[in-house]
Amino acid sequence: MSLNRPLESVAERRVLVIGGGIGGIQAALDCAALGLPVTLIEEGPSVGGVMAQLDKTFPTNDCAMCILSPRLLEISRNPAIELVTCSRVLQIEGEAGDFRVVIHRRPRYVNISACTGCGECTRVCPVKMPDPYNQGLNQTKAIHLPFPQAVPLAAIINPQVCRFFQGKKCGACIKVCPAGAINLQEQPEEWTLRAGAVIFAAGIQAASAAHIPHRDHPDVVTSLEFERMLSATGPYAGKLCRPSDSRPPEKIAFIQCVGSRDPRLGANYCSSVCCTASLKEAVMATEISGGGLQTAIFYMDLRIPGKGFERYLQQAEQHGVRLVRSRVAEVVPRLQGGIDVHFTDAQGASCIETFDLVVLAVGLKTPSLWSTLANKWGLALNAFGFIAASPVQPVQTSRPGVFVCGAAREPMDISETVTSASAAAAAASQLLGIIPRRRKSDVQPRQPAAIPDFPVRIGVFLCHCGTNIAGVLDLTTLAASLRHLDGVVHVEEKLFACSLESTKQIAEVIQTKGLNRIVVAACTPRTHEPVFREVVSSVGLNPGYVVMANVREQCAWVHQRERAQAMEKAGQLVAMTVEQAKNLPPILSQSFPIIPQALIIGGGVAGMSAALNLADQGYQCYLIEKSPCLGGIANSLHSLLEGTRPQEFVQQLSSLVLGHPNIKVYANAEVVGLKGHCGQFRSQVRWRTPVGCEELQLEHGVIIAATGGREFKPDNRYFYGEDPRVVTQLELEAQIRSDSLTLGKTPAIVMIQCVGSREPEHPYCSRVCCATAIKNAMLLLQQRPLADIAVLYRDIRAYGFKEEHYVKAKEQGVRFLPYAAQRPPRVIARRHRALLVEVWDELLEREVQLQADLVVLSAGIEPGADTAQVAQLLGVQRTPEGFFLEAHQKLKPVEAASEGIFICGLAHSPRSLPETVLQAQAAAAGAARILSQPAFASGEYFATIRSPNCRRCLSCLAICPFGAVSLGEKGRPTIHVELCRGCGLCAAQCPAQAISMSRLTEPELEAQIHGSFFALDREKHA
């Protein structure tokens, strides 16, 4: 078992990323941020992958394009990233640090650098073809833009349908192209690229549903087709209707596991995302329909083991989504309309139910070409055709220097894909060795403002956000009313204001019309304000002169059923923001040097993996562990479901960490104090040594919180703690390992799932319990082949390749019996006799009794004992369940809201050991992005004290939670901008009103109050 280590010599530091989906984009951006040049190869005409075809994400309900667009903008503008589309890697020769990669590019027949995406060529093209972006549900032309927000935003010609390539006369597109961008004589190209590392991020494709009878019926659609049907950019412009007659459906059925969990198709694995996709689509369809729509999901096991997913499941049920545990036999169209779904219910009865529309939740599979390419590249594939990776180093492939991320390794959702992509980037940077830190001279100063600040000229841009906003608000009416506001010289609607084309147009309008204040009415500024600040900065305008009105979360989403009132509120929100814009001060940020050192709190697998990755990149790390030894909860694991022994990995990792010159380990230590800010933290550490207790002061630029988790102890439940025959899975694993089980050759063993998970006290799935039960059941059968093992479960969440082991366990004789949450099992303790377990059998519809020599409780995972204390110390928020809360589940899955602080491992959420390693490496990538910078810029929100008004009461000193206030000359309080986080507590507390904020100043607030009296003139603009 070998770990990723730095190369002794590197001939080329360029990283080649194969695949332009969200994983490839994230990997490329992280590599570039770490100082590595990147070439990204995408086989399609644009980057974005399958995510570009989604409408919303699960469980955040964010617009998928809102998540994707900022990354598309960033990757298109990053000078360190070379985008190569319509291309494929043919051969990878050489070795890590010096690969020679042969690339083939097919003709696009359009010059990317010249094409403006105006669409004139598409307008005049006489040949129609099914639109691949909309899954063939509508028509496009032989020459067309891949999709509205495509990067690069350039047309492409399909030679298979173009008249010119069929030997016919045409050339209509050439005649109308104003840029002369079309070249029908373009030829294929091949060239060789040198790279030091390769990241394989090529996305996989949806499984075929062709084996389903009547799949060709127009009202039997796949989940991806239904996603496009719901989208504002889809074939029905976001209106819910069935394809056969364009009428709105009243009943929709979602059928799970089409192309997944099916050995007949060679897909004996779970595609992981199908259940969440169906839940999301059912909720979306209900919202779009305006109520009254009936939805039913037919499933075998509902597999949604992610963070926050259980809450979404409850919300879906509140929306009226019906969950039907069943096996669907077939779908049959009715002559008079509608589709009959034939299924067997949980009681074994044959049933038929009629629906207007049937959605097949198709799984994920690898392209057939992969086997050929992988053989050429020297990469091993697993039994299902995915890229084989190390069980404990999930980004490492069979070929050194080639890493894998995203669904190319195993089916996974967006959050896991983004995390694994960052982990792959961190592994590539670790392999290629120490990269020199950037100097201040390397940073180009911002160009001076080219547009006068006054008089105020305001531009308002209203974003449709697909149907997220425009589905509720009449933006045309709103735009007409806003044009009459004082200072507003331009109002414009945008389908997606954050798309590459829209941002270019906004920049052009700012310049041509001399706009110097920008209002964007769209979604949350938390994720998108940096995008529009970058836009205004690119044309020489101070980034402080852009402000956003959140009409999505604060209006359209919360008032879907009150459209008239939503319109009034939206008008007021935008008008208030317009008035605020008139009083916006410029951002005058300060920069502070960064201490190139990291503090890692927690010495488990997550903490050690993050420390080793950063140390190999040349950064000094302080590793703080509360217990005497490293390893954390992984020390209790003796095997993984895949058969790997984690102890060897933990020992190897510990040895490397303890012997690394860039890592200082403090065991028996804890962080008891923290001051400072991103780039310049100062921690107080209490270190218990054999000779006494020492207090250390450590300075560092970033913090990684990896405080771990623990197994839930189900005291006073099922006689745990009272009867030694009732144990947890971890305790059972220890007994199996030590061969200390006092059981006969034919013992009866009952395992009870979801103990301390998916319950009111712990309303989340602990993700690993099902896999642990399967693993321990098969380990028991190895020792006692005649054992009778029964697993009582609510849903067997054997996601991904764990499904294979689930099937093997059943084949070996392990019985799996479902139970409902409302009827949990009961354990009856009988002295000197076997335990008795009573459970309601859904199939038999009666209570059954199981004798048990041993009852094993699959106890859930809780946050570590000191997670709350560390969260308070770091100023990091926690979820209602007690885990660390990330800044954004999709955009920033391992970053805390406080800049410079990262979270990973069980402190983030329950996860397996390989998933923990991925998160740790992703956190290391985020930390290295900061540590590689020469300086850190202060935030725009901070407080200042007007000295003449100050009474020296020191109330600000007492109330500041960040230690940003100190006593200066003559006892006057002083606010340190680098520490201030702009919370405003001191300003609110000051009795002399001597403290003001840099943003949301009194003039801004007064202006907003004035703007709140805006009234939408409906009659005038009807």
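**Chat about a predicted model**

Me: What does the chain average for pLDDT?
Reply: This is a predicted model, and the chain averages a pLDDT of 92. Of the residues, 98% score at least 70.

Me: Where is the pLDDT below 50?
Reply: Over residues 1018-1022. That stretch has nine contacts in the model beyond near neighbours in sequence. Where pLDDT is low, the predicted coordinates should not be read in detail.

Me: Ok, the inside now. How many residues are in the largest nonpolar core?
Reply: The largest nonpolar core has 141 residues. Ile199, Val460, Leu473 and Val551 have the most contacts inside it.

Me: Which helix gives the most to this core?
Reply: Helix H9, residues 414-431, with nine residues.

Me: And what is Val551 in contact with, leaving aside neighbours within four places in sequence?
Reply: Val551 is in contact with Ile469, Leu473, Ala521, Ala522, Ala556, Ala570, Leu573 and Val574.

Me: Switching to helix H10. Mostly covered or mostly uncovered?
Reply: Mostly covered. H10 spans residues 475-482, and seven of its eight residues are buried.

Me: Which ones are buried?
Reply: In H10 these are Leu475, Thr477, Leu478, Ala479, Ala480, Ser481 and Leu482.

Me: Strands next. Why is E40 largely enclosed by the rest of the structure?
Reply: Strand E40 covers residues 835-841, and six of its seven residues are buried, so the rest of the structure largely encloses it.

Me: How many bridges join E39 to E40?
Reply: Three, with E39 (residues 826-828) and E40 running antiparallel. Arg826 stands opposite Glu838 in E40.

Me: How many residues sit between the strands in that hairpin?
Reply: The hairpin of E39 and E40 has six residues between the strands. His832 takes a positive phi there, near 65 degrees.

Me: And E40 with E41, parallel or antiparallel?
Reply: Antiparallel. E40 and strand E41 (residues 846-852) pair over seven bridges. Leu836 stands opposite Gln851 in E41.

Me: What is in the turn of the E40 and E41 hairpin?
Reply: Four residues lie between E40 and E41. Glu845, in the turn, has a positive phi of about 55 degrees.

Me: How do side chains alternate in a regular strand?
Reply: Between the two faces of the sheet.

Note on methods: Residues numbered from 1 in each chain as written. Predicted model: local features only at pLDDT ≥ 70, side-chain atom pairs only at ≥ 80, totals over all residues. Heavy atoms only, no water. Core = buried A, V, L, I, M, F, W, Y, C linked by side-chain atoms within 4.5 Å. Buried < 20%, exposed > 50% of the residue type's maximum accessible area, 1.4 Å probe, protein only. Helix = DSSP H or I, 4+ residues; strand = E, 2+ residues; numbered from the N terminus. Contact = heavy atoms within 4.5 Å. Pairing = 2+ DSSP bridges. pLDDT = per-residue confidence, 0-100.
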